[in-house]
Amino acid sequence: MLANVGRMIAPIFAPLGFGDWRAATALITGFTAKEAVVSTLTVLMNTTSTALPAVLGSLFTTASAASFLVFTLLYTPCVAAIAACKREMGSAKSALFMVLAQCGVAWIFSFIVYQLVNMVDAMKLIDIIVLLLIAAAVVAAEEPIGKSLHAVMMAVVIMLARHVIKSVK
């Protein structure tokens, strides 16, 4: 039954690079405890915990593995933490909103990581250094966060545009 639910939600994770039902199923079990993600992958990949790192290469690329890790770190904590939030907030709606918001943030950041890691494979080292220097300069300028994020996003867009123009030529 859990595998069927994993198969149903797997397409949601395809833009993040890990649209396989086994990865989706592992994330579902992560709602009980984050440690369950690794245990579930071990069982679903039909291997041992010591052999799991070698086997995961067939499930993840470098970019999708980084994206999966970011999602796992940022999505909703365990059920016990959700129950505590519900109790503290005094509302099931508020707790549900928190869960959805955390999953949304995790999805967005995982998508960004997946795209950036794929982009890094195609970029020259100088492009990466320039992008990091621009990001560091923006953060160091101590501007309000909105302006800083806008500037970083513009730098990313410029780098992507340069890459697209180079690949078309």
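Residues are numbered from 1 along each chain as its sequence is written, and side-chain values use heavy atoms, with hydrogens and water left out. Because the model is predicted, local features need pLDDT of at least 70 and side-chain atom pairs count only at pLDDT 80 or more, while totals for chains, interfaces and linings use all residues.

Helices here are DSSP runs (H or I, at least four residues), numbered from the N terminus. On the α1 side the contact (heavy atoms within 4.5 Å) includes Leu2, Val5, Ile9 and Phe13, and on the α2 side Trp21, Ala24, Leu27 and Ile28 are among the residues involved. By class, this contact has 10 nonpolar, 3 polar and 1 charged residues; Ala, Val, Leu, Ile, Met, Phe, Trp, Tyr, Cys and Pro count as nonpolar, Asp, Glu, Lys and Arg as charged, and the others, Gly among them, as polar.

The loop between α1 and α2 holds Pro15. Pro15 is partly exposed, with a relative accessible area of 33%; buried means under 20%, exposed over 50%, and partly exposed in between (1.4 Å probe, protein chains only). Beyond four places in sequence, Pro15 touches Trp107, Phe111, Tyr114 and Gln115. The C-alpha atoms of Pro15 and Tyr114 are separated by 8.4 Å, although the two residues lie 99 residues apart along the chain. Tyr114 is also touched by Ser64, along with Leu16, Gly17 and Phe18, again leaving out residues up to four places away. Ser64 lies in helix α5 (residues 62-74) and is buried, with a relative accessible area of 1%.

The largest nonpolar core has 22 residues, of which Phe13, Phe18, Leu27, Leu41, Phe68, Phe71 and Tyr75 touch the most other members. Such a core is a set of buried Ala, Val, Leu, Ile, Met, Phe, Trp, Tyr and Cys residues joined through side-chain atoms within 4.5 Å. Two or more residues each come from α1, α2, α3 (35-44), α5 and α7 (92-122).
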